[in-house]
Amino acid sequence: MRMVEKEESKENRRDNTLFSPYKMGNFYLSHRIVLAPMTRCRALNGIPNAALGEYYSQRSTPGGFLITEGTAISPTAPGFPHVPGIYSEEQVEAWRNVVDVVHANGSLLFCQLWHVGRASHTVYQPDGAAPISSTAKRLSSGSRVLLPDGSYVIYPEPRALNTSEIPEIVEHYRQSAINAIRAGFDGIEIHGAHGYLIDQFLKDGINDRTDEYGGSLANRCRFLMQVVEAVVSGIGAERVGVRISPAIDHLDATDSDPNGLGLAVVERLNNFQKKLGRKLTYLHVTQPRYTAHGQTEPGRPGNEEEEAKFMRTLRNAYQGTFMSSGGFTRNLGMQAIAEGATDLVSYGRLFISNPDLVLRFKLNAPLNKYNRATFYTHDPVIGYTDYPFLSKPTEIFEEPKSRL
(Lines give C-alpha, C1' and ligand atoms only; values in the text may rest on other atoms or scores of the structure.)
Protein backbone atom coordinates (compact mmCIF):
# COMPACT_ATOMS: atom_id res chain seq x y z
CA MET A 1 0.00 0.00 0.00
CA ARG A 2 1.35 3.41 -0.95
CA MET A 3 2.33 5.52 2.04
CA VAL A 4 1.22 9.14 1.83
CA GLU A 5 3.21 11.51 3.99
CA LYS A 6 2.44 15.13 4.87
CA GLU A 7 5.78 16.26 3.46
CA GLU A 8 5.06 15.03 -0.07
CA SER A 9 5.33 17.56 -2.88
CA LYS A 10 2.43 19.77 -3.86
CA GLU A 11 2.46 18.13 -7.27
CA ASN A 12 1.99 14.66 -5.82
CA ARG A 13 -0.53 15.96 -3.29
CA ARG A 14 -2.80 17.14 -6.09
CA ASP A 15 -3.13 13.54 -7.21
CA ASN A 16 -4.68 12.59 -3.87
CA THR A 17 -8.44 12.24 -3.42
CA LEU A 18 -10.77 11.14 -0.65
CA PHE A 19 -10.11 7.62 -1.92
CA SER A 20 -6.32 7.70 -1.74
CA PRO A 21 -4.72 5.51 0.94
CA TYR A 22 -3.07 7.19 3.89
CA LYS A 23 -0.63 6.17 6.62
CA MET A 24 -1.88 7.70 9.87
CA GLY A 25 0.94 7.08 12.31
CA ASN A 26 1.14 3.32 12.64
CA PHE A 27 -2.26 2.81 11.02
CA TYR A 28 -2.89 2.22 7.33
CA LEU A 29 -6.10 3.62 5.88
CA SER A 30 -7.61 2.65 2.53
CA HIS A 31 -9.34 6.01 2.14
CA ARG A 32 -9.60 9.38 3.88
CA ILE A 33 -13.33 9.53 4.73
CA VAL A 34 -13.75 9.35 8.51
CA LEU A 35 -16.91 8.86 10.55
CA ALA A 36 -17.07 11.92 12.81
CA PRO A 37 -18.09 11.53 16.46
CA MET A 38 -21.79 12.34 16.90
CA THR A 39 -24.08 12.08 19.91
CA ARG A 40 -26.90 9.63 19.13
CA CYS A 41 -28.46 8.82 22.58
CA ARG A 42 -28.99 5.09 21.92
CA ALA A 43 -26.89 3.63 24.74
CA LEU A 44 -29.70 3.03 27.22
CA ASN A 45 -28.60 3.83 30.78
CA GLY A 46 -25.10 4.54 29.52
CA ILE A 47 -24.39 0.98 28.37
CA PRO A 48 -23.45 0.27 24.73
CA ASN A 49 -25.78 -2.30 23.21
CA ALA A 50 -26.43 -4.29 20.04
CA ALA A 51 -27.91 -1.23 18.31
CA LEU A 52 -24.56 0.58 18.62
CA GLY A 53 -22.81 -2.46 17.20
CA GLU A 54 -25.13 -2.45 14.19
CA TYR A 55 -24.78 1.30 13.70
CA TYR A 56 -20.98 1.33 13.65
CA SER A 57 -20.80 -1.92 11.71
CA GLN A 58 -22.98 -0.45 8.97
CA ARG A 59 -20.52 2.42 8.55
CA SER A 60 -17.40 0.26 8.53
CA THR A 61 -15.27 -0.36 5.44
CA PRO A 62 -12.02 -2.30 5.02
CA GLY A 63 -9.29 0.13 5.93
CA GLY A 64 -11.81 2.70 7.16
CA PHE A 65 -11.60 4.84 10.27
CA LEU A 66 -14.49 5.51 12.66
CA ILE A 67 -14.63 7.69 15.78
CA THR A 68 -17.35 6.96 18.31
CA GLU A 69 -19.84 9.39 19.71
CA GLY A 70 -18.73 11.32 22.78
CA THR A 71 -18.26 8.77 25.56
CA ALA A 72 -18.51 9.82 29.19
CA ILE A 73 -15.34 9.54 31.27
CA SER A 74 -17.11 9.65 34.64
CA PRO A 75 -20.59 9.85 36.21
CA THR A 76 -20.34 13.67 36.13
CA ALA A 77 -19.55 13.79 32.39
CA PRO A 78 -22.93 13.30 30.57
CA GLY A 79 -25.18 16.10 29.38
CA PHE A 80 -27.54 14.12 27.12
CA PRO A 81 -29.80 11.16 27.86
CA HIS A 82 -28.53 7.65 27.16
CA VAL A 83 -24.99 8.46 26.06
CA PRO A 84 -22.41 5.70 26.54
CA GLY A 85 -19.69 5.75 29.16
CA ILE A 86 -16.29 4.10 29.44
CA TYR A 87 -15.68 4.35 33.20
CA SER A 88 -17.31 1.15 34.53
CA GLU A 89 -16.50 -2.51 33.94
CA GLU A 90 -19.97 -3.09 32.56
CA GLN A 91 -19.39 -0.38 29.96
CA VAL A 92 -15.96 -1.75 29.04
CA GLU A 93 -17.39 -5.23 28.49
CA ALA A 94 -20.28 -3.86 26.44
CA TRP A 95 -17.97 -1.81 24.21
CA ARG A 96 -15.96 -4.96 23.40
CA ASN A 97 -18.91 -6.31 21.43
CA VAL A 98 -19.13 -3.08 19.40
CA VAL A 99 -15.39 -2.98 18.71
CA ASP A 100 -15.36 -6.62 17.63
CA VAL A 101 -17.97 -6.16 14.89
CA VAL A 102 -16.22 -3.06 13.57
CA HIS A 103 -12.88 -4.86 13.45
CA ALA A 104 -14.54 -7.81 11.73
CA ASN A 105 -15.43 -5.41 8.91
CA GLY A 106 -11.86 -4.17 8.66
CA SER A 107 -12.21 -0.68 10.18
CA LEU A 108 -10.28 1.07 12.90
CA LEU A 109 -12.30 2.44 15.82
CA PHE A 110 -11.30 5.24 18.20
CA CYS A 111 -13.32 6.14 21.30
CA GLN A 112 -13.96 9.84 21.83
CA LEU A 113 -13.45 10.74 25.50
CA TRP A 114 -15.99 13.33 26.60
CA HIS A 115 -16.90 15.50 29.56
CA VAL A 116 -19.56 18.13 28.87
CA GLY A 117 -18.71 20.31 31.89
CA ARG A 118 -21.34 23.01 32.41
CA ALA A 119 -23.34 21.82 29.34
CA SER A 120 -25.25 19.44 31.59
CA HIS A 121 -28.14 19.45 34.05
CA THR A 122 -28.62 18.36 37.63
CA VAL A 123 -30.72 15.43 36.38
CA TYR A 124 -27.58 13.90 34.88
CA GLN A 125 -25.34 14.57 37.89
CA PRO A 126 -24.75 12.25 40.85
CA ASP A 127 -27.09 13.19 43.71
CA GLY A 128 -28.51 16.04 41.62
CA ALA A 129 -25.40 18.19 42.07
CA ALA A 130 -24.55 21.20 39.94
CA PRO A 131 -22.52 20.44 36.79
CA ILE A 132 -18.81 21.21 37.07
CA SER A 133 -16.87 23.61 34.85
CA SER A 134 -14.00 26.06 34.68
CA THR A 135 -16.51 28.73 35.67
CA ALA A 136 -19.65 29.35 37.71
CA LYS A 137 -21.21 31.24 34.78
CA ARG A 138 -24.24 29.50 33.32
CA LEU A 139 -24.94 29.18 29.62
CA SER A 140 -27.03 31.91 28.05
CA SER A 141 -30.81 31.59 28.10
CA GLY A 142 -30.76 31.03 24.34
CA SER A 143 -29.20 27.59 24.88
CA ARG A 144 -31.26 24.60 26.01
CA VAL A 145 -30.37 21.23 27.45
CA LEU A 146 -32.22 18.07 26.39
CA LEU A 147 -33.75 16.19 29.32
CA PRO A 148 -34.56 12.46 29.43
CA ASP A 149 -38.28 13.15 28.94
CA GLY A 150 -37.56 14.88 25.60
CA SER A 151 -38.14 18.42 26.86
CA TYR A 152 -35.62 21.27 26.58
CA VAL A 153 -34.88 23.63 29.50
CA ILE A 154 -32.30 26.31 30.25
CA TYR A 155 -28.98 25.18 31.65
CA PRO A 156 -28.50 25.43 35.43
CA GLU A 157 -25.70 27.35 37.08
CA PRO A 158 -22.51 25.25 37.17
CA ARG A 159 -19.96 24.95 39.94
CA ALA A 160 -16.41 26.08 39.20
CA LEU A 161 -13.90 23.35 39.98
CA ASN A 162 -11.50 24.06 42.78
CA THR A 163 -7.87 23.96 41.70
CA SER A 164 -7.31 20.92 43.90
CA GLU A 165 -10.09 19.00 42.11
CA ILE A 166 -8.67 19.28 38.61
CA PRO A 167 -6.07 16.46 38.92
CA GLU A 168 -8.92 14.03 39.65
CA ILE A 169 -10.65 15.00 36.40
CA VAL A 170 -7.37 14.54 34.52
CA GLU A 171 -7.09 11.09 36.05
CA HIS A 172 -10.60 10.24 34.82
CA TYR A 173 -9.42 10.92 31.25
CA ARG A 174 -6.34 8.74 31.74
CA GLN A 175 -8.25 5.84 33.23
CA SER A 176 -10.96 6.05 30.57
CA ALA A 177 -8.30 5.87 27.87
CA ILE A 178 -6.88 2.76 29.49
CA ASN A 179 -10.38 1.31 29.70
CA ALA A 180 -10.91 2.01 26.00
CA ILE A 181 -7.80 0.07 25.04
CA ARG A 182 -8.91 -2.75 27.32
CA ALA A 183 -12.21 -2.78 25.45
CA GLY A 184 -10.30 -3.29 22.20
CA PHE A 185 -10.39 0.22 20.74
CA ASP A 186 -7.47 1.13 18.48
CA GLY A 187 -7.12 4.49 20.21
CA ILE A 188 -8.97 7.46 21.65
CA GLU A 189 -9.83 11.04 20.73
CA ILE A 190 -9.75 13.71 23.43
CA HIS A 191 -12.80 15.94 22.90
CA GLY A 192 -11.42 19.43 23.49
CA ALA A 193 -13.97 21.20 21.28
CA HIS A 194 -17.50 22.58 20.87
CA GLY A 195 -17.99 24.24 24.24
CA TYR A 196 -17.53 21.18 26.43
CA LEU A 197 -15.31 20.93 29.51
CA ILE A 198 -11.85 21.28 27.97
CA ASP A 199 -13.09 24.06 25.68
CA GLN A 200 -14.52 25.79 28.75
CA PHE A 201 -10.95 26.08 30.00
CA LEU A 202 -9.51 27.09 26.61
CA LYS A 203 -11.91 29.92 25.67
CA ASP A 204 -11.57 33.31 27.35
CA GLY A 205 -15.25 33.97 26.71
CA ILE A 206 -15.96 31.29 29.33
CA ASN A 207 -12.88 30.88 31.49
CA ASP A 208 -12.83 33.56 34.18
CA ARG A 209 -10.48 31.78 36.58
CA THR A 210 -7.77 33.58 38.54
CA ASP A 211 -5.67 30.50 39.38
CA GLU A 212 -3.06 28.78 37.19
CA TYR A 213 -5.81 27.53 34.85
CA GLY A 214 -7.12 30.96 33.89
CA GLY A 215 -6.06 34.27 32.40
CA SER A 216 -3.13 33.82 30.02
CA LEU A 217 -3.10 31.52 27.00
CA ALA A 218 -0.55 29.33 28.75
CA ASN A 219 -2.83 28.94 31.75
CA ARG A 220 -5.93 28.28 29.68
CA CYS A 221 -4.11 25.57 27.70
CA ARG A 222 -2.84 23.92 30.89
CA PHE A 223 -5.82 21.62 31.49
CA LEU A 224 -5.86 20.29 27.93
CA MET A 225 -2.14 19.59 27.97
CA GLN A 226 -2.35 17.86 31.34
CA VAL A 227 -5.07 15.63 29.91
CA VAL A 228 -2.98 14.91 26.80
CA GLU A 229 0.09 14.07 28.87
CA ALA A 230 -1.89 11.85 31.23
CA VAL A 231 -3.62 9.93 28.46
CA VAL A 232 -0.36 9.45 26.56
CA SER A 233 1.27 8.14 29.75
CA GLY A 234 -1.51 5.57 29.96
CA ILE A 235 -1.79 4.29 26.38
CA GLY A 236 0.99 5.83 24.28
CA ALA A 237 1.04 8.79 21.90
CA GLU A 238 0.42 6.60 18.84
CA ARG A 239 -3.11 5.89 20.01
CA VAL A 240 -4.18 9.46 20.89
CA GLY A 241 -5.98 12.06 18.78
CA VAL A 242 -7.05 15.53 19.91
CA ARG A 243 -10.04 17.54 18.71
CA ILE A 244 -10.27 21.33 19.03
CA SER A 245 -12.52 24.08 17.64
CA PRO A 246 -10.87 27.46 18.31
CA ALA A 247 -13.28 29.44 16.10
CA ILE A 248 -16.54 27.70 17.03
CA ASP A 249 -19.08 29.49 19.24
CA HIS A 250 -21.20 26.42 20.03
CA LEU A 251 -22.53 26.54 23.62
CA ASP A 252 -21.27 30.12 24.07
CA ALA A 253 -17.69 28.98 23.48
CA THR A 254 -16.26 32.26 22.22
CA ASP A 255 -12.71 33.52 22.31
CA SER A 256 -11.32 36.99 21.67
CA ASP A 257 -8.52 35.59 19.48
CA PRO A 258 -9.45 32.22 17.93
CA ASN A 259 -6.39 32.22 15.67
CA GLY A 260 -4.07 32.87 18.58
CA LEU A 261 -5.75 30.18 20.66
CA GLY A 262 -5.51 27.61 17.89
CA LEU A 263 -1.85 28.33 17.31
CA ALA A 264 -1.15 28.21 21.06
CA VAL A 265 -2.65 24.71 21.28
CA VAL A 266 -0.78 23.57 18.17
CA GLU A 267 2.52 24.94 19.50
CA ARG A 268 2.08 23.04 22.75
CA LEU A 269 1.15 19.81 20.99
CA ASN A 270 4.18 20.15 18.71
CA ASN A 271 6.51 20.80 21.66
CA PHE A 272 5.06 17.85 23.54
CA GLN A 273 5.58 15.57 20.54
CA LYS A 274 9.15 16.81 20.08
CA LYS A 275 9.97 16.23 23.74
CA LEU A 276 8.35 12.81 23.62
CA GLY A 277 10.06 11.82 20.39
CA ARG A 278 6.76 10.49 19.01
CA LYS A 279 3.72 11.99 17.35
CA LEU A 280 0.10 11.86 18.38
CA THR A 281 -2.19 10.04 15.95
CA TYR A 282 -3.80 13.24 14.65
CA LEU A 283 -5.19 16.70 15.33
CA HIS A 284 -8.91 17.06 14.47
CA VAL A 285 -10.13 20.64 13.87
CA THR A 286 -13.70 21.79 13.20
CA GLN A 287 -14.14 24.30 10.37
CA PRO A 288 -15.33 27.80 11.38
CA ARG A 289 -18.43 27.35 9.18
CA TYR A 290 -19.84 25.00 11.83
CA THR A 291 -22.02 27.51 13.72
CA ALA A 292 -23.87 27.57 17.01
CA HIS A 293 -26.18 24.59 17.59
CA GLY A 294 -24.74 22.81 14.56
CA GLN A 295 -27.28 24.28 12.15
CA THR A 296 -24.84 24.80 9.29
CA GLU A 297 -25.76 22.52 6.41
CA PRO A 298 -23.01 20.69 4.50
CA GLY A 299 -21.72 22.95 1.75
CA ARG A 300 -23.40 26.08 3.07
CA PRO A 301 -21.54 29.21 1.92
CA GLY A 302 -19.58 31.19 4.47
CA ASN A 303 -16.59 33.50 4.58
CA GLU A 304 -14.60 30.99 2.56
CA GLU A 305 -11.45 33.05 2.15
CA GLU A 306 -11.05 33.78 5.87
CA GLU A 307 -12.02 30.23 6.80
CA ALA A 308 -9.50 28.73 4.40
CA LYS A 309 -6.78 31.03 5.73
CA PHE A 310 -7.58 30.09 9.33
CA MET A 311 -7.54 26.36 8.65
CA ARG A 312 -4.44 26.57 6.48
CA THR A 313 -2.59 28.38 9.27
CA LEU A 314 -3.34 25.60 11.74
CA ARG A 315 -2.71 22.85 9.19
CA ASN A 316 0.70 24.27 8.25
CA ALA A 317 1.66 24.80 11.89
CA TYR A 318 0.75 21.34 13.18
CA GLN A 319 3.45 18.70 12.82
CA GLY A 320 1.43 15.56 12.19
CA THR A 321 -1.73 14.18 10.63
CA PHE A 322 -4.41 16.85 10.28
CA MET A 323 -8.13 16.06 10.10
CA SER A 324 -10.87 18.57 9.21
CA SER A 325 -14.60 18.43 9.85
CA GLY A 326 -17.67 20.63 9.60
CA GLY A 327 -19.99 21.11 6.64
CA PHE A 328 -18.00 19.12 4.07
CA THR A 329 -19.63 17.77 0.93
CA ARG A 330 -18.01 15.26 -1.40
CA ASN A 331 -16.69 18.04 -3.61
CA LEU A 332 -15.40 20.14 -0.72
CA GLY A 333 -13.67 17.09 0.71
CA MET A 334 -12.07 16.21 -2.62
CA GLN A 335 -10.88 19.81 -2.99
CA ALA A 336 -9.44 19.97 0.53
CA ILE A 337 -7.47 16.76 0.04
CA ALA A 338 -6.23 17.72 -3.45
CA GLU A 339 -5.07 21.14 -2.23
CA GLY A 340 -3.30 19.65 0.77
CA ALA A 341 -5.54 21.59 3.14
CA THR A 342 -6.06 18.45 5.21
CA ASP A 343 -5.04 14.80 5.34
CA LEU A 344 -8.40 13.36 6.39
CA VAL A 345 -12.01 14.60 6.34
CA SER A 346 -14.59 13.53 8.91
CA TYR A 347 -18.28 13.50 8.01
CA GLY A 348 -21.16 13.66 10.46
CA ARG A 349 -24.74 14.20 9.34
CA LEU A 350 -24.14 12.80 5.86
CA PHE A 351 -22.86 9.61 7.51
CA ILE A 352 -25.96 9.41 9.72
CA SER A 353 -28.30 9.07 6.75
CA ASN A 354 -25.87 7.25 4.46
CA PRO A 355 -24.31 4.26 6.20
CA ASP A 356 -22.59 3.47 2.90
CA LEU A 357 -21.34 7.03 2.46
CA VAL A 358 -17.91 5.86 1.31
CA LEU A 359 -19.42 3.85 -1.54
CA ARG A 360 -21.85 6.62 -2.49
CA PHE A 361 -18.98 9.12 -2.60
CA LYS A 362 -16.87 6.69 -4.63
CA LEU A 363 -19.66 6.30 -7.20
CA ASN A 364 -20.78 9.93 -6.86
CA ALA A 365 -24.24 8.49 -6.20
CA PRO A 366 -27.24 10.38 -4.74
CA LEU A 367 -27.42 10.69 -0.96
CA ASN A 368 -30.23 9.93 1.46
CA LYS A 369 -31.56 12.98 3.31
CA TYR A 370 -31.20 12.99 7.06
CA ASN A 371 -34.04 13.60 9.50
CA ARG A 372 -33.07 15.92 12.36
CA ALA A 373 -36.11 14.89 14.40
CA THR A 374 -34.56 11.44 14.95
CA PHE A 375 -31.00 12.52 15.75
CA TYR A 376 -31.44 12.26 19.53
CA THR A 377 -34.30 9.81 19.96
CA HIS A 378 -33.73 6.52 21.77
CA ASP A 379 -35.25 4.15 19.22
CA PRO A 380 -32.64 1.47 18.36
CA VAL A 381 -33.70 1.41 14.71
CA ILE A 382 -35.66 4.45 13.50
CA GLY A 383 -33.32 7.20 12.38
CA TYR A 384 -30.38 5.10 13.48
CA THR A 385 -29.91 1.84 11.57
CA ASP A 386 -32.80 2.03 9.09
CA TYR A 387 -31.33 4.34 6.43
CA PRO A 388 -31.09 2.43 3.12
CA PHE A 389 -27.90 1.22 1.42
CA LEU A 390 -26.98 1.21 -2.23
CA SER A 391 -25.03 -1.98 -1.62
CA LYS A 392 -22.34 -3.27 0.68
CA PRO A 393 -19.16 -1.16 0.38
CA THR A 394 -16.73 -4.03 1.00
CA GLU A 395 -16.12 -4.61 -2.71
CA ILE A 396 -14.12 -1.46 -3.43
CA PHE A 397 -11.54 -1.20 -0.65
CA GLU A 398 -8.88 -3.61 0.44
CA GLU A 399 -8.10 -4.70 3.98
CA PRO A 400 -5.18 -2.58 5.31
CA LYS A 401 -1.89 -4.39 5.56
CA SER A 402 -1.32 -3.77 9.25
CA ARG A 403 -2.77 -2.42 12.45
CA LEU A 404 -0.89 -1.09 15.46
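**Helix packing, buried residues and salt bridges**

User: Is the crossing of α8 and α9 left-handed or right-handed?

Analyst: The model is predicted. A crossing is left-handed when the near helix is turned anticlockwise from the far one by less than a right angle, and right-handed when it is turned clockwise. For α8 and α9 the crossing is right-handed.

User: How are residues numbered, and which atoms and confidence limits apply?

Analyst: Residues are numbered from 1 along each chain as its sequence is written, and side-chain values use heavy atoms, without hydrogens or water. In this predicted model, totals for chains, interfaces and linings use all residues, whereas local features need pLDDT of at least 70 and side-chain atom pairs count only at pLDDT 80 or more.

User: Are α8 and α9 roughly parallel or roughly antiparallel to each other?

Analyst: Helix α8 covers residues 258–276 and helix α9 residues 304–317, with axes 9 Å apart and an angle of about 15 degrees (axes are lines fitted to C-alpha atoms over the stretch in contact, and angles run from 0 to 180 degrees between N-to-C directions). The contact (heavy atoms within 4.5 Å) is made by P258, N259, G262, L263, V266 and N270 of α8 and by F310, T313, L314 and A317 of α9. Angles under 35 degrees count as roughly parallel, over 145 as roughly antiparallel, 65 to 115 as roughly perpendicular and the rest as oblique. The two helices, α8 and α9, are therefore roughly parallel.

User: Which elements do the buried residues of α2 pack against?

Analyst: Helix α2 spans residues 50–58 (helices, H or I of at least four residues, and strands, E of at least two, are DSSP runs numbered from the N terminus). Its buried residues are A51, L52, G53, Y55, Y56 and Q58 (buried means under 20% relative accessible area, exposed over 50%, partly exposed in between, with a 1.4 Å probe and protein chains only). At the start of α2, a side-chain oxygen of N49 comes within 3.0 Å of the backbone nitrogen of A51. The buried residues of α2 pack against β3, β4, α3 and α11.

User: How far apart are the C-alpha atoms of P355 and P388?

Analyst: P355 sits in the loop between α11 and α12 and counts as buried because its relative accessibility is 2%. Beyond its neighbours within four places in sequence, P355 is in contact with Q58, R59, Y387, P388 and F389. Although P355 and P388 are 33 residues apart along the chain, the separation of their C-alpha atoms is 7.7 Å.

User: How far is the backbone nitrogen of G70 from a polar atom of the side chain of Q112?

Analyst: Q112 belongs to strand β5, residues 108–114, and is buried because its relative accessible area is 2%. Its contacts beyond four places in sequence include I67, T68, G70 and H191. Between the side chain of Q112 and the backbone nitrogen of G70, the distance is 3.4 Å.

User: Which residue forms a salt bridge with E93?

Analyst: A salt bridge places a side-chain nitrogen of Lys or Arg within 4 Å of a carboxyl oxygen of Asp or Glu. E93 is partly exposed because its relative accessibility is 42%. With the closest N and O atoms 2.1 Å apart, the partner of E93 is R96.

User: How many salt bridges does a search of the whole structure find?

Analyst: R209 and D211 meet in a salt bridge at 2.8 Å, and both are buried. Another joins R360 and D356 at 2.7 Å; R360 is buried because its relative accessibility is 4%, and D356 because its value is 1%. In the whole structure, the number of salt bridges found is 11.

How values were computed:
Polar contact = N/O pair within 3.5 Å; in protein donor to acceptor, adjacent residues only side chain to side chain.
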